[in-house]
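Subject: Structure for you to look through

Dear colleague,

I am passing on the structure that we spoke about, and below it you will find my notes. Please read them with the model open beside you.

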Amino acid sequence: MAIHLPSIMHVKQILRRSLLISREAASVPKGCLAVYVGERQKKRYVVPISFLNQPLFQDLLSKAEEEFGFDHAMGGLTIPCTEDTFIALTSRLSQS
């Protein structure tokens, strides 16, 4: 099992840009992050920033970076997965 230290730096970059964009576009509660999820129709979700420390969520962020880079058409962080997958993952993280 490898530790991805460079991914931590990517997470910080994603967080900074996403927080700036999200707060400009719509209010996001303090300690939260807005993300857009879905295959065709993107739906906005607000998640706690504590998820950024979770390896499963970091994997999603890495996939988002690979697919979309740091510029997102939705004006926020777009995560490339289905809503069902995202909900299942965040439900598991909420119970941890």
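Strand β1 (residues 32–37) and strand β2 (residues 43–48) pair in the antiparallel sense over six bridges, where two strands count as paired if DSSP finds at least two bridges between them; helices (H or I, at least four residues) and strands (E, at least two) are DSSP runs, numbered from the N terminus. This is a predicted model, in which local features need pLDDT of at least 70 and side-chain atom pairs count only at pLDDT 80 or more, whereas totals for chains, interfaces and linings use all residues. Residues are numbered from 1 along each chain as its sequence is written, and side-chain values use heavy atoms, with hydrogens and water left out.

Within this pairing, leucine 33 stands opposite valine 47 in β2. The two strands form a hairpin with five residues between them, and glycine 38 in the turn has a positive phi of about 135°. On β1 there are also three bridges to strand β3 (residues 77–79), which runs parallel to β1, and here valine 37 has isoleucine 79 as its bridge partner.

In a regular strand the side chains alternate between the two faces of the sheet. In β1, Cys32, Ala34 and Tyr36 point one way while Leu33, Val35 and Val37 point the other way, and all are buried, meaning under 20% relative accessible area, with exposed being over 50% and partly exposed in between (1.4 Å probe, protein chains only).

Elsewhere, Leu56, Phe57 and Leu60 in α2 meet Phe86, Leu89, Arg92 and Leu93 in α3, contact being heavy atoms within 4.5 Å.

Best wishes
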